Amino acid sequence: MRPLAGAAYAITVRGHGLSVDQPLGSGGTDTAPTPVELFVASVASSVALGAGEFLRQRGIDQDELKVHASFRMTGTDRGGRVESIHLRVTVPRELPARHAPELRVAMAECAVPQSLHEPPEVDIEINDYPSLAPG
């Protein structure tokens, strides 16, 4: 990750490039999604991949699959956090209703939603300063 301009940063993941920025009212130039928006998009895309695989395994076309994400923030003295994420999944009409509970389980078991249920430890190391991670 490297600074671009203002609040914008370039990100490279396995050779793929993305960027983040902040909205105009938050000191950015609104040239890219915010880190929070990418976080929510990550949850939605993980669920979409799980749903797509579920459909594919049952021979159902994925063209009508859509995942719409919305989220709510809560404010704190440190700037807030994502309080809730709502995903609205649209599946092909040909999916039998009896498969809905299985589909819900398949989507919930995806890596990103699972990581929210059991959050990973986050260790932040700064140059030559010692890590704050226990042990």
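This is a predicted model: local features need pLDDT of at least 70, side-chain atom pairs count only at pLDDT 80 or more; totals for chains, interfaces and linings use all residues.

Residues are numbered from 1 along each chain as its sequence is written, and side-chain values use heavy atoms, with hydrogens and water left out.

**Salt bridges**

How many salt bridges does the structure hold? There are 3, each defined as a side-chain nitrogen of Lys or Arg within 4 Å of a carboxyl oxygen of Asp or Glu.

Select Arg56 and Glu53, whose side chains meet in a salt bridge at 2.5 Å, N to O. Both residues lie in helix α1, 3 residues apart, about one turn of the helix. Helices (H or I, at least four residues) and strands (E, at least two) are DSSP runs, numbered from the N terminus. Arg56 is partly exposed at a relative accessible area of 48%, and Glu53 is partly exposed at 32%. In these terms buried means under 20% relative accessible area, exposed over 50%, and partly exposed in between (1.4 Å probe, protein chains only).

Next, select Arg58 and Glu102, which form a salt bridge at 3.6 Å, N to O. Arg58 lies in the loop between α1 and β4 and Glu102 in helix α2 (residues 100-108), so the pair ties together parts that are 44 residues apart in sequence. Arg58 counts as partly exposed at 33% relative accessibility, and Glu102 is likewise partly exposed, at 39%.

Then select Arg72 and Glu83, whose side chains form a salt bridge at 2.8 Å, N to O. Because Arg72 lies in strand β4 and Glu83 in strand β5 (residues 81-90), this pair ties together parts that are 11 residues apart in sequence. Glu83 is partly exposed at 41% relative accessibility.

Return to helix α1 and select Ser46. Is Ser46 buried or exposed? At 11% relative accessibility, Ser46 counts as buried. Its side chain reaches the backbone nitrogen of Val112 at 3.5 Å.

**Backbone angles**

Most residues other than glycine have a negative phi. Select Arg14, in the loop between β2 (8-13) and β3 (16-20): this residue has a positive phi of about 50° although it is not a glycine. Arg14 counts as exposed, at 74% relative accessibility.

Move to Asp30, in the loop between β3 and α1. Asp30 has a positive phi of about 55°, again without being a glycine, and is partly exposed with a relative accessible area of 49%.

**Surface patches**

Patches are made of residues with over 30% relative accessible area and no salt bridge; like charges are joined within 9 Å, and nonpolar side chains (Val, Leu, Ile, Met, Phe, Trp, Tyr) within 5 Å.

Which residues form the negative surface patch? Select Asp61, Asp63, Glu64 and Glu94. Of these, Glu64 is found in the loop between α1 (35-57) and β4 (66-74) and is partly exposed, with a relative accessible area of 45%.

Finally, select Val122, Ile124, Ile126 and Tyr129, which form a nonpolar surface patch with about 490 Å² of accessible area together. Accessible areas come from the Shrake-Rupley method with a 1.4 Å probe; for residues, only the protein chains shown count as cover. Ile124 is placed in the segment after α3 (111-117) and counts as exposed, at 60% relative accessibility.

Note on methods. Lys and Arg count as positive and Asp and Glu as negative; His and the chain ends are not counted. The place of a charge is taken as NZ of Lys, CZ of Arg, CG of Asp or CD of Glu. A polar contact is a pair of N or O atoms within 3.5 Å; within protein, one must be able to donate a hydrogen and the other to accept it, and residues adjacent in sequence count only if both atoms are side-chain atoms.
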